[in-house]
Amino acid sequence: MLFEFDSDQRLWQKTIHEVLVKECPPALIRGIADEGADPAPLWRVYADLGWTELTEPSEAVELAIVLEELGWATDPTPYLATMTWFTPLAPGVADGGQTGSAVLDGVSARRDRDGWVLSGVARHVLDGDRADRLAVVTDAGVFAVPAADVRATRVDVFDPTLHIAEVSLPGVRVGDDARTGADPRAARDLALTGLALTIVGACRRVLELTLDHVRTREQFGAPIGSFQAVKHKAVDMHVALERARALAYFAALTIAADDPRRRLAASMAKAAAGECQSVVFRNGLQLFGAMGFTWENDLQFALKRAVAGELLLGGAAEHRALIAEEYRAAHV
Amino acid sequence: MQLTFDADVERFRAEFAAFLDANLPSEAETGERAYSSAHVPEWARRWQRLLFDSGWLLPGNPPEFGGRNASILEQYVHLEELDRRRIYHSFNPQGLGIIAASLLSFGSEEQKRRWAVPILRVEITAALGMSEPGAGSDLASLRTRAVLDGDHFVVNGQKIWTSGAHDADVLLTFVRTDPDAPKHKGISVLLIPTDTPGVTRRPFGSLIDRDDVDFNEVFFDDVRVPAENLVGALNNGWHVANGSLGHERTLLWLSFALRLEELARDFRPVDALDRDAYARLVMDAQALRLLGSAALARAARGEQDVAALSVLKLLGSEAVQKASEQAMESAGVAALEHPGMTAPYAHLNLEAFSAGWFERYARSFAGTIAGGTSEIQRTIVAERVLGLPRS
């Protein structure tokens, strides 16, 4: 097994990164957080560049590269929800450039003469308030529902550019043709992997900013990065990041190859990313000292995105319980 | 990115697997155990010689040195196949992996013929004399002196932690030949036969067991060593040291991955806390394999990224330690039993079979101390990977 990017993948990553440095700088994030600027033009940039067309499972590694970089940039658009929550549950439903998300629980489907009636309330739906379409998971299957048919309210959250909504379906009528036929169990793997990559990207940003800080901040006549206590904390961040990044791309690769380990790999990716953000948040914010504890410091955006990723779709401990079960079932 | 090796590597694996299936020593043959890392029982000598003669000992070497010019990926699957059958290719691992390898890189043709080949064919065994009482992590502070006197060096000083020295025929010894040069620049390397007058070896037990005797103190009192036993150029020993240790670094992570996979096999989680630790162990093992294979790909292209290998050593050795501790705690008071029978029976690897959980946890500290402590590894990574300033 050779686990490194090929030359096309390296070029792809470089391209994505350069676009985001130009199109999604900290000033843009700050404008959205502080002044309520609209991220829609940025979404159109992604669509124009073809990033929203990475919908085939075989392109999972290329999609993963985009997602890691978007995590690095604290992406303010609904790209993650569209590409990893909606699309796997409703393949082929949205036109290029449309946004989507998914309602994963809380809704039941009742059959009637004309089709189906969907009822229920789902809390904490990523981008539920601004998606064009929603994939609604019920015991009777997955339904694709236009946003206009549901009531969605954005909830205030600690990550200032993240959209989380409460979504209610007050008896929404849909036809049989709204059922997508997707398997929620398989779709889950990409959603988890996408969050893991978002966390990994955000953690990479925190580490970069932290390293810049400890290299330049001087105390006692020396850069604080020359002190062993500081160095070793930074290394622990790096090691946790390397581990999480490897497992996140492994998960993407198992999806691309439809490898039987994909379910285990997705939980490993999510759990490792969760463990990584724990170390990176703790050491990163600590090493930045008071300077990191200000609204003015851009560190906050990546820090908050990393933790948000941990809290969505089950935290590290929940996934470790699944891993132990899954691994022992397969090997012992 | 790919999840499998190319067909040519798999063909190589199949060929070696067939060789192993036909030639692996049987249980009846392997009665005598190895007592130290330079004590090789007769059956293990026959085994190593067979590997050498068949080109399967160190497949990356040319045929005259026990190999078949195999690629780094082929060397990797070779080690995987050996481990799967729980046998070592050599019971004098430092002789093979460090000393013979150093001689092949830095020695003269005469030294290769006279010392490297006999070590590879285990006609003699070798130990590595690097550390001293005052030079452990700070190896370049070593003080054992060698002074040229006619056609001999005269050596005085002391080594310690010299694994297997009491059973070894020759020591690859790092000595100071220029006390006035900056400390990294005045070091040279000598091959010192252990039967030379003035060499005294004093083995001592490890924390594991009073009878677990691999460590040695070695004293040199006016030891006369022929000048032709100088390995590499005079005062170029630091370069040799980096090369010597580099030989074993590229695939060192694999041994930690294998320990983790053994732990995943042997550790039976009982409660939720155990299962939580177990999942971390499974993740560590998978991550190490993935990161290791990326390092392997770099090595296959001829890139040597020593600092990145430090990340793997750190991750692997600490993961083994954490998982061993959890397995010990899970076993409760039964973990105290010594010997403890925590691994399946394997006639080629009785030590693992008979180790209790407390012993396995204690042994894990060899991983975080030997070959550069975790603290040293963190400093290397901080300075050479993360670019933080030296203190």
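Student: What share of the 391 residues in chain B is buried?

Tutor: Keep in mind that this is a predicted model. Burial here goes by counting neighbours: 20 or more other C-beta atoms within 10 Å makes a residue buried. By that count, 46% of the 391 residues in chain B are buried.

Student: How do I judge the overall shape, then? What radius of gyration does chain B have?

Tutor: Compare it with the value for a compact globule. With 391 residues that would be near 21 Å, and chain B has 21 Å, so the two agree. For the extents, the C-alpha atoms of chain B fill a box of roughly 70 × 50 × 45 Å along the principal axes.

Student: And how many helices and strands are in chain B?

Tutor: Chain B has 12 helices and 8 strands.

Student: Let's zoom in on one helix pair. At what angle do helix 7 and helix 9 of chain B cross?

Tutor: Roughly 20°, with the axes of helix 7 (residues 252–266) and helix 9 (residues 306–331) of chain B coming within 9 Å. Angles under 35 degrees count as roughly parallel, so helix 7 of chain B is roughly parallel to helix 9 of chain B. Their crossing is left-handed.

Student: Which residues in helix 7 of chain B meet helix 9 of chain B?

Tutor: Among them are W253(B), F256(B) and L260(B); on the helix 9 side, the residues include L312(B), G316(B) and V320(B).

Conventions
Residues numbered from 1 in each chain as written. Chains lettered and ligands numbered in written order. Predicted model: local features only at pLDDT ≥ 70, side-chain atom pairs only at ≥ 80, totals over all residues. Axes fitted to C-alpha atoms, helices over the stretch in contact; angles between N-to-C directions. Helix = DSSP H or I, 4+ residues; strand = E, 2+ residues; numbered from the N terminus. Parallel < 35°, antiparallel > 145°, perpendicular 65-115°, else oblique. Left-handed = near helix turned anticlockwise from the far one by under 90°. Contact = placed C-beta atoms within 7 Å. Rg over C-alpha atoms; globule rule 2.2 N^0.38 Å. Buried ≥ 20, exposed ≤ 12 C-beta atoms within 10 Å, placed from the backbone.
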